[in-house]
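Work through these exercises on side-chain packing and aromatic rings. Keep the structure in view as you go.

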Amino acid sequence: MSANQPSSQLQAFPAHAPRALYIHIPFCTNKCFYCDFNSYVLKGQPVMDYLRAMELEMKHTAEQCPPAEIDTIFVGGGTPTVLKPDQMAYFLDSVRNAFPSWSEQIEFSMEANPGTTDIEKLRVMHAGGVNRISFGVQSFNNNLLHEIGRIHNTDDVYRSIENAKAAGFDNMSIDLMFGLPNQTVEMLEHSVEKALELDLPHLSIYSLKVEENTLFHAMYHRNELPLPSEEDELEMYMIIMERMKAAGYIQYEISNFAKPGYESRHNTTYWRNEDYYGIGAGAHGYAKRERHLNIKGVTPYVEACRSGLPRLDTFRIDEAEAMEDFMMVGLRLLEGVSSDRFAEQFGGALLDKVFAAPLKRLLKQGLIEVTPTGYRLTEQGLLFGNDVFGSFVGLLSNGE
């Protein structure tokens with residue numbers, strides 16, 4: 001931009017407005033046994049009423065907090081791709097109408113389950129601006145898929161990826177899980193091998209967390225959940241890191257691997273503790289040091305949107321808690337936390353001074369190391385990330 005441009009052109013967008021947008025589609029074909037996300041079985045749900053309600057929320061949101069140029073959009077769920085092609089087209093049009101200014105390099109991701117992505121729907125998605133798909137594969141073992149409540153099989157995975165390529169998508173990711181009930185190290189190795197054969201630009205590989213309000217949680221407390229041992233789960237993670245590196249993927253976050261240039265820019269917004277809009281039932285948003293949580297139920301959400309923003313809760317994040325969040329999420333990134341970015345977010349505050357004690361202790365334990373820009377996890381720290389993140393919980397906000 002020329003320095004001689006008029007100031008009215010220099011300030012084209014509101015200062016510090018969010019540049020990232022998360023949208024929640026809560027419908028699923030069924031509820032997976034490990035899932036605690038805000039999701040509902042599709043049958044009998046008022047889908048179009050919900051899409052119209054989200055359209056109203058997006059309109060109200062843009063009026064209350066005018067958007068900047070949007071750099072990233074992420075549509076999650078639930079399973080967004082359970083929408084029919086005409087519903088998908090309506091939804092994507094409403095996003096463009098509410099947030100019309102998109103970066104030329106926008107990353108527009110949508111989660112998808114194999115088996116819910118026919119070629120017609122994928123073409124509608126592509127035409128509506130979606131340029132990145134994240135498939136929830138979880139495993140390449142059909143027995144395991146059945147045991148965790150997934151309705152697809154490995155044939156659906158290959159078919160969905162071929163359909164996506166035919167519709168024009170070249171930026172795709174798949175999710176895998178490890179530490180699943182009855183999963184062996186050999187099963188995990190097989191899934192990683194099959195995933196790498198696809199030669200996709202991005203892979204996310206998460207360990208199972210047994211969350212409350214899930215079937216797995218009930219089974220765990222009845223001692224009916226045959227989880228791998230801690231030793232096997234650690235071996236699985238070591239294998240994942242080793243195989244990804246050997247295949248040319250960069251581990252840019254604890255659970256995420258990408259070919260150069262294909263890191264998830266939207267998720268990096270979260271890990272850098274930056275602002276984002278949150279739209280939809282149960283969605284979270286964060287802007288101007290304020291977090292919100294939307295009403296979770298579909299019908300209550302729809303009704304609330306008719307009269308304003310569908311908030312369940314809104315709360316200020318004070319500076320101390322925001323600083324802790326910065327460290328806890330930022331250290332998940334393999335690049336680590338930046339002292340300059342910390343100073344930028346917190347009025348010139350010095351990272352080394354604010355967190356002097358935990359940084360000194362973690363350095364001594366060999367869990368973090370100094371970088372030219374700040375601090376990051378060591379190889380040992382990667383294996384004990386929760387211990388590192390826990391060092392910052394409540395440290396400032398509880399006055400310790």
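**Exercise 1. Count the aromatic pairs, then classify the pair of F27 and Y50.**

Solution. The model is predicted. It holds 15 aromatic pairs. Take the rings of F27 and Y50: their centres lie 5.3 Å apart. Their planes meet at 75°. Edge-to-face requires an angle over 60 degrees, so this pair is edge-to-face. F27 belongs to strand β2 (residues 27-28) and Y50 to helix α2 (residues 47-64). Finally, check burial. The cut-off for buried is under 20% relative accessible area. F27 has 0% and is therefore buried. Y50 also has 0%, so Y50 is buried.

**Exercise 2. Classify the pair of F326 and F346, and find the cluster they belong to.**

Solution. The centres are 6.0 Å apart and the planes stand at 80°, an edge-to-face pair. F326 lies in helix α12 (residues 319-330). F346 lies in the loop between α13 (339-345) and α14 (351-354). They are 20 residues apart. Both are buried. Ring pairs join F326 and F346 with F342, F355 and F392 in a cluster.

**Exercise 3. Which residues touch the most other members of the largest nonpolar core?**

Solution. That core has 97 residues. The residues are I23, Y50, I73, F91, I174 and Y301. Now follow I23. Beyond four places in sequence, its contacts include M54, M58, I73, F91 and I279. Another core, of 11 residues, lies apart; I148 and M219 are among its members.

**Exercise 4. Which charged end sits over the ring of W102?**

Solution. It is that of R96, 3.5 Å from the ring centre. Likewise, R291 lies over the face of Y286, at 3.9 Å from the ring centre.

Notes
Residues are numbered from 1 along each chain as its sequence is written. This is a predicted model: local features need pLDDT of at least 70, side-chain atom pairs count only at pLDDT 80 or more; totals for chains, interfaces and linings use all residues. Side-chain values use heavy atoms; hydrogens and water are left out. A nonpolar core is a set of buried Ala, Val, Leu, Ile, Met, Phe, Trp, Tyr and Cys residues joined through side-chain atoms within 4.5 Å. Buried means under 20% relative accessible area, exposed over 50%, partly exposed in between (1.4 Å probe, protein chains only). Contact means heavy atoms within 4.5 Å. Rings of Phe, Tyr and Trp (its six-membered ring) pair if their centres lie within 6.5 Å; planes under 30 degrees apart count as stacked, over 60 as edge-to-face and the rest as tilted. Helices (H or I, at least four residues) and strands (E, at least two) are DSSP runs, numbered from the N terminus. A charge sits over a ring if NZ of Lys or CZ of Arg is within 6 Å of the ring centre and within 35 degrees of the ring normal.
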